[in-house]
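Please keep the model open as you read.

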Amino acid sequence: MPTVLSGRALAVTATATALLATALGAHTATAETAATAATDKVLVIGIDGTVLDRVKAANAPNLQGLMAQGLTAKSTLYANPMAATSSGPGWSTIATGVWPDKHGVKDNTFTGKNYTAYPDFLTRIENAKPALNTYAAADWEPLTSTDAGGPVFSAKVDKRLSLKGDRDGYGTEDPKIAAAASAELQGQNPDAAFVYFGQVDGAGHSYGAASQQYLDAIGRVDVMVGQLLTAVQSRPTYAQENWKILVTTDHGHTDAGGHGGSTIQERGTFVIAKGAGIPAGSVRSDVKLVDVAATAMAQVGVDPGTAIDGIPLNAPDDNDPFDTLRPNLQARVDETGIPAGVKGFTHTPPAGWSIDNSRMGTGGVTEWAGWAFATDEFWSQAQRDQWRELNVRSRDVFAVADSDEWDDKSHTGSYDSTLITPKWAVTGGTTRNLTFQTHYHHEAGQTAQVLVSYNGAAPTVVKSYTADAVAKAESLTLQVPAGATDVQVRFRYAGTNNWYWTVDNVKLG
């Protein structure tokens with residue numbers, strides 16, 4: 001039998017009615033002010049273990065319609081030791097908007113969960129705006145029930161529906177979730193909702209992602225997605241509402257079936273989004289799973305702030321210069337583990353940036369001969385299970401210095417390369433803040449230094465890494481000397497057959 005946990009529906013409805021009456025009484029001056037602003041609402045649909053390329057191949061007109069009408073964004077997950085590519089970490093990342101090193105869930109035991117510090121987005125919405133109605137429905141118990149290590153979505157959520165789902169690939173509980181959620185969406189007044197379907201993951205485990213059964217499961221779920229969309233569009237107040245629809249998954253699947261490991265197939269995820277401000281048919285490469293929570297919160301007027309890792313989809317582009325290199329990325333040259341069709345590296349820096357390889361040895365693996373610019377899909381497949389998969393806070397294209405991979409081919413000399421920023425204008429006697437994302441794997445014998453130079457003077461070290469700095473958001477305070485008018489930053493990495501260093505989104509604030 002389902003477990004239904006209800007909250008303040010009647011109280012919220014009464015409050016909303018009173019507020020509406022007040023608003024209508026206050027807006028009588030002109031026809032323009034009499035118009036009621038659209039009510040912002042959000043629906044997040046979670047489909048477990050779903051591979052985006054198989055969605056494109058399936059009979060899935062509703063999901064494909066959302067892609068045509070909105071955004072499609074592929075992204076990749078972490079792997080162990082940060083967390084397994086399993087449902088517990090995946091849905092915790094989606095719900096909380098932070099990566100596993102914060103929410104603490106590393107596998108399906110939920111050991112180490114830290115939902116108190118990093119609650120789900122529905123709970124954050126409740127905490128910030130208690131008058132809003134929240135709803136969650138799932139047939140995987142940990143999401144909405146205290147069973148099996150949950151709930152991911154806390155008891156603060158106004159209404160939760162929890163069913164005990166099967167994993168046979170036929171999803172007999174999914175239709176019940178679809179029917180109940182559709183009734184809620186059409187007949188009640190949820191402002192923020194999460195609805196989960198599990199059968200695609202079951203089909204993946206039973207038959208593999210390459211199977212017809214997997215495609216059939218996607219097709220069945222697509223029909224239920226259509227039910228939810230119809231329910232939203234059939235609301236009596238739909239014309240006065242502004243809905244954002246998000247569809248996502250917690251992990252991928254191998255062709256043969258299974259997940260939990262570090263292959264790109266298991267790490268593959270996606271976000272599909274439709275709503276105001278999202279261009280039809282758009283494709284992005286800088287979206288991450290943590291952005292789902294941030295987007296859902298922002299849609300209903302709750303500022304996600306800096307407490308979470310996610311960024312709302314509608315947030316202004318930060319103009320990271322590395323991302324401008326994506327059209328120029330090349331396929332592999334010496335690497336053999338990276339599929340031939342993946343274009344993911346270049347040594348050509350963006351405008352204003354430069355690379356100093358004057359101390360660099362000759363030879364070695366072409367892709368990593370000095371600082372390069374690469375994508376996660378490319379770089380992490382160079383060698384799996386050496387923490388490259390943990391570089392989750394970099395987005396799209398990032399800079400990487402990898403002496404370990406460079407050493408895999410005959411060379412002379414050692415690895416010593418410096419990445420140099422443009423000269424940025426500063427005012428003498430002020431303080432500036434240098435921020436960047438970094439992922440550094442340390443070993444004795446290598447060095448990683450951040451150096452700054454004012455007005456072309458000799459560079460001085462402001463930061464040396466002597467221990468791992470895994471997927472870290474770095475912030476360094478720079479004291480600008482009197483008389484200085486410009487500053488230039490250098491990232492110097494040196495070693496031989498050691499590890500690597502990545503940097504991304506370098507900003508002077």
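## Contacts and overall form

Residues 24 or more positions apart account for 75% of the chain's contacts with a separation of 6 or more, where contact means heavy atoms within 4.5 Å. Please bear in mind that this is a predicted model, in which local features need pLDDT of at least 70 and side-chain atom pairs count only at pLDDT 80 or more, while totals for chains, interfaces and linings use all residues. Residues are numbered from 1 along each chain as its sequence is written, and side-chain values use heavy atoms, with hydrogens and water left out.

The chain holds 15 helices and 23 strands; these are DSSP runs numbered from the N terminus, with helices (H or I) of at least four residues and strands (E) of at least two. Along the principal axes, its C-alpha atoms fill a box of roughly 70 × 60 × 40 Å.

## Surface and charge

Of the 509 residues, 55% are buried (under 20% relative accessible area, with exposed over 50% and partly exposed in between, using a 1.4 Å probe and protein chains only). The accessible surface of the chain is about 19800 Å², and carbon and sulfur atoms supply 53% of that area. Areas come from the Shrake-Rupley method with a 1.4 Å probe, and for residues only the protein chains shown count as cover.

There are 39 positive and 53 negative charges, and their mean positions lie 4 Å apart. Lys and Arg count as positive and Asp and Glu as negative, while His and the chain ends are not counted; each charge is placed at NZ of Lys, CZ of Arg, CG of Asp or CD of Glu.

## Salt bridges

Side chains of opposite charge can pair when their charged atoms come close. The chain has 20 salt bridges, each a side-chain nitrogen of Lys or Arg within 4 Å of a carboxyl oxygen of Asp or Glu. One of them joins Glu-184 to Lys-159, with the closest N and O atoms 3.1 Å apart. This pair links distant parts of the chain, with Glu-184 in helix H9 (residues 174-187) and Lys-159 in strand S5 (residues 159-162), 25 residues apart. Glu-184 is buried at 12% relative accessible area.

Another bridge brings together Glu-241 and Arg-235, at 2.8 Å from N to O. Here Glu-241 is buried at 12%, and Arg-235 is buried at 5%.

## A charged network

Arg-393 and Asp-309 also meet in a salt bridge, at 3.1 Å from N to O. Arg-393 sits in the loop between helix H14 (376-379) and strand S14 (398-402), and Asp-309 in the loop between helix H13 (291-299) and strand S10 (345-346), 84 residues away. Arg-393 is buried at 12%, as is Asp-309 at 16%. Both belong to a network of salt bridges that also includes Asp-101 and Lys-102.

Helix H4 (residues 61-69) has Leu-63, Gly-65, Leu-66 and Met-67 as its buried residues. These pack against helices H3 (52-57) and H11 (212-233), and against strands S2 (39-47), S3 (71-76), S7 (241-248) and S8 (268-274).

Leu-163 lies in the loop between S5 and H9 and is buried at 7% relative accessibility. Its C-alpha atom is 4.3 Å from that of Asp-139, 24 residues apart along the chain.
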